[in-house]
Amino acid sequence: MRILLTVDGSIYTKKAVKYLASHLAFFKEMPELHLLHVKAPIPAGLAVHRARALLGNNAVDSYYKDESEKALAVAEKALSKKGIPFKSSYKVGEITDEIRKYASKNKIDLIVMGSHGHGALAGAIMGSVATKIMASTDIPVLIVR
């Protein structure tokens, strides 16, 4: 079984990691665990061109990498502490699309995600990314609140 845990470094990511790590015994064999962070790109058009012109391509790419590594570190630290193996990746793009593409390419059997991310509005029942993933994939999705 292949499980994709989407991470953004939020409190809900921490809750999803904790829940998944404490329920791995539910599976007959240790699942192959994938961690994925998707960084939204600098808005297209003038903003991205100005950023790349002012800072350079390497600086912008380094920004994406650094931000993604920070978000992944939350889950990586918790799983490493428990001795749970995983594969980490990050992508830059539209979050829902990148999660779906990654899940399809890696033949993911279950997507696990927090109910809200950093962009969630207070009081919302569920974050927009979680809602979009549930509506756009036939892969089972476990939402942890």
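Buried means under 20% relative accessible area, exposed means over 50%, and partly exposed lies in between, with a 1.4 Å probe and protein chains only. Helices (H or I, at least four residues) and strands (E, at least two) are DSSP runs, numbered from the N terminus.

The model is predicted: local features need pLDDT of at least 70, side-chain atom pairs count only at pLDDT 80 or more, and totals for chains, interfaces and linings use all residues. Residues are numbered from 1 along each chain as its sequence is written, and side-chain values use heavy atoms, with hydrogens and water left out.

Leaving aside neighbours within four places in sequence, Leu5 is in contact (heavy atoms within 4.5 Å) with Ala16, Val17, Leu20, Leu33, His34, Leu35, Leu36 and Val112.

Val112 and Met113 both belong to strand 4. Five of the five residues of this strand are buried, so strand 4 is largely enclosed by the rest of the structure. Leu110, Val112 and Gly114 point one way from the strand, while Ile111 and Met113 point the other way. Strand 4 pairs in the parallel sense with strand 1 over three bridges; two strands pair if DSSP finds at least two bridges between them. In that pairing Leu4 stands opposite Ile111. Strand 4 also pairs in the parallel sense with strand 5 (residues 141-144), over four bridges, and here Gly114 stands opposite Val144.

Helix 4 (residues 95-105) has Thr96, Glu98, Ile99, Tyr102 and Ala103 as buried residues. They lie on the same side of helix 4 because they cover an arc of only 165 degrees around the axis, the arc being that of the directions from the helix axis to the C-beta atoms. Lys101, Ser104 and Lys105, on the other side, are exposed. The cover over the buried residues includes strand 1 (2-6), strand 2 (32-39), strand 3 (87-92), strand 4 (110-114) and helix 5 (128-136).

Which residues does Glu98 touch, not counting those up to four places away in sequence? They are Leu36, Val38, Lys91, Val92 and Gly93. Glu98 has a relative accessible area of 14% and is therefore buried. Helix 4 is followed by Lys107, whose phi is positive, near 50 degrees.

The count of aromatic pairs comes to one. Tyr63 and Tyr64 form this tilted pair, at 5.7 Å centre to centre and 50 degrees between the planes. Rings of Phe, Tyr and Trp (its six-membered ring) pair if their centres lie within 6.5 Å; planes under 30 degrees apart count as stacked, over 60 as edge-to-face and the rest as tilted. Tyr63 is partly exposed, with a relative accessible area of 35%, whereas Tyr64, at 6%, counts as buried.
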